[in-house]
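Open the model in your viewer and keep the selection tool at hand. This tour tells you what to select next and what is there.

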Amino acid sequence: MNSTEDEICSSNLANEETPSHSAADGKKAGGWRAIKYILGNESFEKLASMSLVSNITVYLRTEYNMGGILLINVVNIWSGSSNVASLAGAYISDAYLGRFRTLLFGSLASLLGMGTMTLTVVIPQLQPSKCTGESNCPQPQSWQLGFLFAGLALLAIGAGGIRPCNIAFGADQFNTRTDKGRAQLESFFNWWYFSFTVALLIALTAVVYVQTNISWVLGFAVPTACLGLSLCIFLLGRKTYICKKPQGSIFVDMAKVLAAACRKRRQTLGPNWEQPSYDPSPEESEPGVVKLTRTYRFRFLDKAALIIDPNELDGQGMSKNGWRLCSVQQVEQFKCLIGILPVWITGIACFIAMDQQTTFGVLQAIQMNKSIGPHFEIPPGWMTLFSMVSLSIWIFIYERIYIPQVRKIIKKDKRLTVQQRISTGIIMSILCMLVAGIVERKRRESALSQGSYESPVTVALLLPQFVLSGMVEAFAAVAVLEFLTTQMPESMRTVAGAIFFLSLSIASYIGSFLVNMIHLITRKNGKSPWLGGHDLNKNRLENYYYIIAAVGAANFVYFNFFACHYVKKVDLCGDGREIQLENPAAHH
């Protein structure tokens with residue numbers, strides 16, 4: 001890391017250049033000395049946040065008496081807003097605050113949000129009255145919802161500051177221009193994933209069990225305490241961190257490229273860039289900047305780098321106005337972003353199917369037989385645990401059994417391609433929705449035949465759809481994230497993560513839109529709507545699942561006949577700073 005770019009995070013957060021050692025104790029900053037605080041912070045933060053995320057559907061149904069439509073809207077919009085906030089967090093971090101401050105303020109917002117959510121269970125007046133029978137459930141008043149939404153909003157803001165920065169801030173602690181630094185970084189990722197998995201398992205088992213079967217007060221107090229401990233650990237290590245100063249946001253550069261290209265839309269481009277273009281060399285102070293090769297795709301954007309008037313440059317040959325003249329590097333970075341959009345759209349459609357299990361799948365579990373023996377009931381929130389288990393099992397089989405066996409047979413690595421994995425993930429999403437529809441029909445019919453709110457059918461019947469949901473994530477989500485990351489130069493890796501979170505957000509919003517539209521359309525002419533209300537037995541949820549399956553089928557056709565042409569290989573040339581991102585379909 002460059003001494004001109006980095007700083008030691010001290011109590012006053014001064015913007016001086018980085019000394020090679022911490023002024024406080026003479027020890028070298030960064031490295032594993034800093035990572036132990038970052039991993040501690042991350043573990044407790046994830047334990048707190050996931051214990052709420054995994055059980056929010058049950059909480060809103062049982063404590064706030066929310067019916068299907070309102071509940072799905074609240075969960076989807078909150079989840080989507082948390083992911084959208086990641087884009088804002090990435091921009092603020094890169095342009096103004098830096099990762100340390102963004103993480104700090106995000107952690108504070110999350111602590112306030114979790115504290116507010118805890119108050120909703122501590123103070124009875126903040127919740128509506130309990131249901132008297134399954135059909136008589138008082139709805140929350142506007143001011144009660146306002147207090148609840150304030151807590152959720154603070155949590156979304158906190159997620160926006162934490163999600164785009166936590167891994168990147170850990171990576172900042174290592175010098176990746178050395179073999180030792182690269183090895184340490186790889187080890188950090190392994191330990192980060194290990195700590196994340198342990199926190200997730202504790203959240204999905206112990207904390208969810210406490211919330212559902214013992215006390216919501218204790219179940220929310222534990223995550224609040226974990227967030228407070230997470231913030232304390234983070235601040236304890238403040239003098240050991242290496243902090244990169246804000247370098248400006250690439251989102252602004254993209255806006256500049258679009259603005260400059262529109263200003264010069266009447267200019268004509270030659271076939272081989274005969275016109276002079278603004279293409280300065282990467283600055284010596286930024287040796288990590290990747291020089292991108294010029295490509296023929298999306299030629300309209302090349303106009304942003306055309307020099308049509310020598311007065312556009314100053315005496316040193318630099319652009320006077322970045323909104324009128326952009327560099328070739330900025331143009332190619334924008335092309336990278338546009339080039340991933342077709343595959344990115346495929347990911348959104350897959351994530352719509354994944355989202356259903358955290359909402360409607362949990363609602364199904366609430367109205368099924370959850371007993372295991374005479375004294376134990378499975379908390380509905382535990383069902384999402386099976387998705388994670390299936391994902392983990394597949395990754396183990398793929399990495400530890402499939403790859404080694406194939407290597408023995410053909411004497412070389414033979415991994416499934418990104419295209420194969422995304423196609424498989426789409427098929428899994430279709431099967432997940434079809435299975436969910438069949439199970440829901442059986443659950444509903446058995447409940448109606450018994451005249452009961454809860455179906456006598458065991459909750460274990462939901463396992464196939466949750467397992468399939470985990471396989472959608474194992475194939476499609478992982479492949480899409482890998483695709484986004486490999487199609488971006490190193491300087492845009494934060495953007496790749498933000499774009500991935502945005503796809504999750506859009507999937508949540510689309511899911512909420514579909515639920516509302518289907519509710520409105522199916523209740524016309526006095527008919528009973530397919531969705532809505534407090535009792536799934538009065539709905540036709542299976543039809544909604546079949547509609548999502550049809551969306552998956554359309555997505556399969558879209559990907560295999562169009563978007564798959566944009567799944568291309570990234571070739572690193574020479575010393576790894578030249579990246580060829582040409583789309584082979586661009587010349588057709």
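## Stop 1: helix α4

Select α4 and colour its buried residues: Q144, L145, L148, G151, L152, L155, A156, G158, A159, G160, G161 and I162. Keep in mind that this is a predicted model.

Now show the neighbours. The buried residues of α4 pack against α1 (32-53), α2, α3 and α5.

How far apart are the end C-alpha atoms of α4? Helix α4 covers residues 142-162, and its end C-alpha atoms are 30 Å apart. At 1.5 Å a residue, its 21 residues should span 30 Å, so the two values agree.

## Stop 2: the whole chain

Zoom out. The protein chain has 15 helices and five strands. Of its 588 residues, 51% are buried. Take the contacts with a separation of 6 or more: 78% of them are between residues 24 or more positions apart.

The accessible surface comes to about 26,300 Å². Carbon and sulfur atoms hold 63% of that area.

## Stop 3: the nonpolar cores

In soluble globular proteins, nonpolar side chains tend to be buried together. Look for that here. The largest nonpolar core has 100 residues. Select Y59, L60, M117 and Y544, the members that touch the most other members. Helix α10 gives this core its largest share, 12 residues.

Stay on M117. Which residues is M117 in contact with, leaving aside its neighbours within four places in sequence? The contacts are L52, I56, Y59, L148, G151, L152, L155 and F220.

## Stop 4: aromatic rings

Show the aromatic side chains. The whole structure holds 18 aromatic pairs. Select F169 and Y241, which form an edge-to-face pair. Their ring centres are 5.1 Å apart, with 75° between the planes. This pair links distant parts of the chain, 72 residues apart. F169 sits in helix α5 (residues 166-171). Y241 sits in the loop between α7 (216-236) and β2 (242-244). Buried or exposed? Both F169 and Y241 are buried.

Next, select Y59, Y64, W216 and F220. Together they form one aromatic cluster. Y59 and F220 were also on the contact list of M117.

## Stop 5

Helix α3 covers residues 68-122. Select S82 in this helix. Its relative accessible area is 4%, so S82 is buried, the cut-off being under 20%. Leaving aside neighbours within four places in sequence, S82 is in contact with A156, A159, G160 and R163.

Then move along α3 to G98. G98 is buried too, with a relative accessible area of 4%. Not counting residues up to four places away in sequence, G98 touches I92, S93, K244 and P246.

## Stop 6: a buried lysine

Where does K370 lie? Find K370 in the loop between α10 (341-366) and α11 (383-410). At 8% relative accessibility, K370 counts as buried. Follow its side chain: it reaches the backbone oxygen of I366 at 2.8 Å. K370 also touches A365, F376, E377, I378, P380, E454 and V459, not counting residues up to four places away in sequence.

## Stop 7: positive phi angles

Select N65 in the loop between α2 (56-63) and α3. N65 is not a glycine, yet its phi is positive, about 55°. At 1% relative accessibility, N65 counts as buried.

Jump to F298, in the loop between β3 (291-292) and α9 (328-339). Phi of F298 is near 50°, again a positive value in a residue other than glycine. At 29% relative accessibility, F298 counts as partly exposed.

End at helix α12, residues 418-450. Its 33 residues should span 48 Å at 1.5 Å a residue, and its end C-alpha atoms are 48 Å apart, which agrees. Just after α12, G451 takes a positive phi of about 65°.

Methods:
Residues numbered from 1 in each chain as written. Predicted model: local features only at pLDDT ≥ 70, side-chain atom pairs only at ≥ 80, totals over all residues. Heavy atoms only, no water. Phe/Tyr/Trp six-rings, centres within 6.5 Å; stacked < 30°, edge-to-face > 60°. Helix = DSSP H or I, 4+ residues; strand = E, 2+ residues; numbered from the N terminus. Buried < 20%, exposed > 50% of the residue type's maximum accessible area, 1.4 Å probe, protein only. Polar contact = N/O pair within 3.5 Å; in protein donor to acceptor, adjacent residues only side chain to side chain. Contact = heavy atoms within 4.5 Å. Expected span 1.5 Å × (residues − 1). Areas by Shrake-Rupley, 256 points an atom, 1.4 Å probe, with all protein chains shown as cover. Core = buried A, V, L, I, M, F, W, Y, C linked by side-chain atoms within 4.5 Å.
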